[in-house]
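User: Hi! Could you walk me through this one? I'd like to talk about helix packing and then a few loop residues.
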Amino acid sequence: MLSGILVFSLLFFFLPDTCAHVLAAGRLQPVDGVPVIVIDPGHGGENLGTQAGGIWDEKYMDMVTAQALYDELSLYDDVEVYLTRTNDVDVSFQERAAFARSVNADFLFSIHYNASETHELFGSEVWVPLTAPFNNYGYQAGYELLQGMQERGLLVRGIKTREGERGEYYAIIRETVALGIPAAIIEHCHVDEDRDKGYCASEEDLVRFGKEDAAAIARYFGLKSTALQVDYSDYPLVEAGGANPVPSTLRDETPPDVCRIEFLSADYETGVLSFTLSAADYDSPLLYYTYSLDGGRTYSERNAWPGSDVLSGKYEDTFTLNLVVPSGTKPSVIVRAYNMFDPYTESNRYDSAITFSYGQDAPTEDGGPSSAGEGEVPGTGTSPDADTRDPASSGTGTQDPASPGTDTRDPAAKPVSGSAVAGEKQVSFVTFLEICLVIVIFLFIILLVSQGIAYHNRKRRRRRGRRELQSRKEDGDTRNQLR
């Protein structure tokens, strides 16, 4: 008995590393032997991918990142790594999936960069299969990939799946899943949005994405590297949203449940208008907000929702929103709250009764005060139930202009420039000149009309004089004949 226990202990002690990382805690995907990973650089050949970034075609960016991922992941022990293409050629989705099947791949990662039709979205996202159990595997791998991007400063848009007419929406996922291979599409950032452009502006940036992807994949598979001196053999993975994470990743077409603004104060000297913004979505985390100062005719660019962390499902449900109103504006404010799948809900509208005019203490033209904190109180609304998705959160907060995934822009409206008042004076002077010109034209028309009337009267008097002269002449001739 003792000898049996001793033998078992020795065998366990001397188990090869390939078994050790297969048994890494928390990973749902079973792997037999050495993991086989296929890296798929998106697009290629005549398929350029997005060109919205204005620097490179996406196919080139995908290849640079994929090659860096391949090189870095190859430095790990006991792993096989392949590329679906190594040069600029067209490869069909079926060919990519078939190649992965031919090497007995355990996972295919498709490398991409993103762009939106409106050029206003920013952040990183990972698309995973709809089909179980591949959805679970994709969720755990996607979590590690996005966690690295979040630490880098990018806004995380989420781990997502989408249903199409033939099941899986995206072709590369559909083709690989059909062959029994898990797959994920990595959309690193949006190349067409200023807050993301800085993350992919150079080849060094693209290479860095590849290296960070490699570390995330190594964590997922529990790999270790003698060359890099890292060991993820016992790395714990996140639970994949329970046994079935599909509901949390499936595209949510419903808008947020609540979005309300409540007036706090107005500073008519500086143009700062403050609100309490309260919103909640009971299906998806909130991700962005925009605002309108003109009653919904135009909206600001998208801003990251404070405290938004779609990986944990947390966000601030209430925060203070400070907006800078341009001088000479009577604001009509509406706010939109967007969830991680982009549907939005509009808030109630706040209509100011007072025109903002910087630096004036006297009442404005519409009779309202211009001192700070005075003025109208809009139709108020109550905040939603304090369900912040974060038990440790107080439920209130102040807007941080350095929101996750953005640069240090002020999320409030951009302040007017120092020449705004001079511009208004210039506009007033031009208006005065236009009025003067209209008056001059009107007087000129009156002069022309009066001259025409006078000329007509003179002409009529001359005709009458000639008739009278002719009449007198005829009377004289008649009198002469009578004599």
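User: Great. What kind of model is it, experimental or predicted?
Analyst: This is a predicted model.

User: And how many helices and strands does the protein have?
Analyst: The secondary structure comes to 10 helices and 18 strands. Of the 483 residues in the protein, 45% are buried.

User: What share of the contacts join residues at least 24 apart?
Analyst: If you take contacts between residues at least 6 apart in sequence, 76% of them join residues at least 24 apart.

User: On to helices. How do α5 and α8 cross?
Analyst: Helix α5 covers residues 134–152 and helix α8 covers residues 203–221; their axes come within 9 Å and cross at roughly 135 degrees. An angle over 145 would count as roughly antiparallel, and α5 and α8 are therefore oblique to each other. The crossing is right-handed.

User: Which residues make that contact?
Analyst: From α5 you have Tyr137, Gln140, Ala141, Glu144, Leu145, Gly148, Met149 and Arg152. The α8 side brings Asp205, Arg208, Phe209, Glu212, Asp213, Ala216, Ile217, Arg219 and Tyr220. By class, the contact of α5 with α8 has 8 nonpolar, 2 polar and 7 charged residues.

User: Nice. What about α3 against α8, what angle and distance there?
Analyst: Helix α3, residues 58–73, packs with α8 at an angle of about 45 degrees, and the axes are 7 Å apart. These two helices are therefore oblique to each other as well, and α3 passes α8 in a right-handed crossing.

User: Who meets whom in that pair?
Analyst: In α3, the residues are Tyr60, Met61, Val64, Thr65, Ala68, Leu69, Glu72 and Leu73. They meet Glu203, Leu206, Val207, Phe209, Gly210, Lys211, Asp213, Ala214, Ile217 and Ala218 in α8. By class, that contact has 12 nonpolar, 2 polar and 4 charged residues.

User: Switching to loops. Where is Ser284, and is it buried or exposed?
Analyst: Ser284 sits in the loop between β12 (272–280) and β13 (286–292). Ser284 is buried because its relative accessible area is 3%, and buried means under 20%.

User: What does Ser284 touch away from its sequence neighbours?
Analyst: Leaving aside neighbours within four places in sequence, Ser284 is in contact with Asp252, Asn339, Met340 and Phe341.

User: How far is Gly313 from Met340?
Analyst: Their C-alpha atoms are separated by 10.0 Å, and the two residues are 27 residues apart along the chain. Gly313 belongs to the loop between β14 (303–304) and β15 (318–324), and Gly313 is buried, with a relative accessible area of 17%.

User: And Ser233, which side chain does its side chain contact?
Analyst: The Ser233 side chain makes a polar contact with the side chain of Asp231, at 2.5 Å. Ser233 lies in the loop between β10 (230–231) and α9 (246–249) and is buried, with a relative accessible area of 13%.

User: Last topic: backbone geometry. Which peptide bond is cis?
Analyst: The peptide bond from Ala132 to Pro133 is cis, with omega near 0 degrees. Pro133 is in the loop between β4 (124–127) and α5.

User: What about His119, what is its phi?
Analyst: His119 has a positive phi of about 60 degrees although it is not a glycine. His119 is in the loop between β3 (107–114) and β4, and is partly exposed, with a relative accessible area of 45%.

User: And Asp342, where does it lie?
Analyst: Asp342 lies in the loop between β16 (332–339) and β17 (344–346). Phi of Asp342 is near 90 degrees, a positive value in a residue other than glycine.

Definitions and conventions:
Residues numbered from 1 in each chain as written. Predicted model: local features only at pLDDT ≥ 70, side-chain atom pairs only at ≥ 80, totals over all residues. Heavy atoms only, no water. Axes fitted to C-alpha atoms, helices over the stretch in contact; angles between N-to-C directions. Helix = DSSP H or I, 4+ residues; strand = E, 2+ residues; numbered from the N terminus. Parallel < 35°, antiparallel > 145°, perpendicular 65-115°, else oblique. Left-handed = near helix turned anticlockwise from the far one by under 90°. Contact = heavy atoms within 4.5 Å. Nonpolar A, V, L, I, M, F, W, Y, C, P; charged D, E, K, R; others polar. Buried < 20%, exposed > 50% of the residue type's maximum accessible area, 1.4 Å probe, protein only. Polar contact = N/O pair within 3.5 Å; in protein donor to acceptor, adjacent residues only side chain to side chain.
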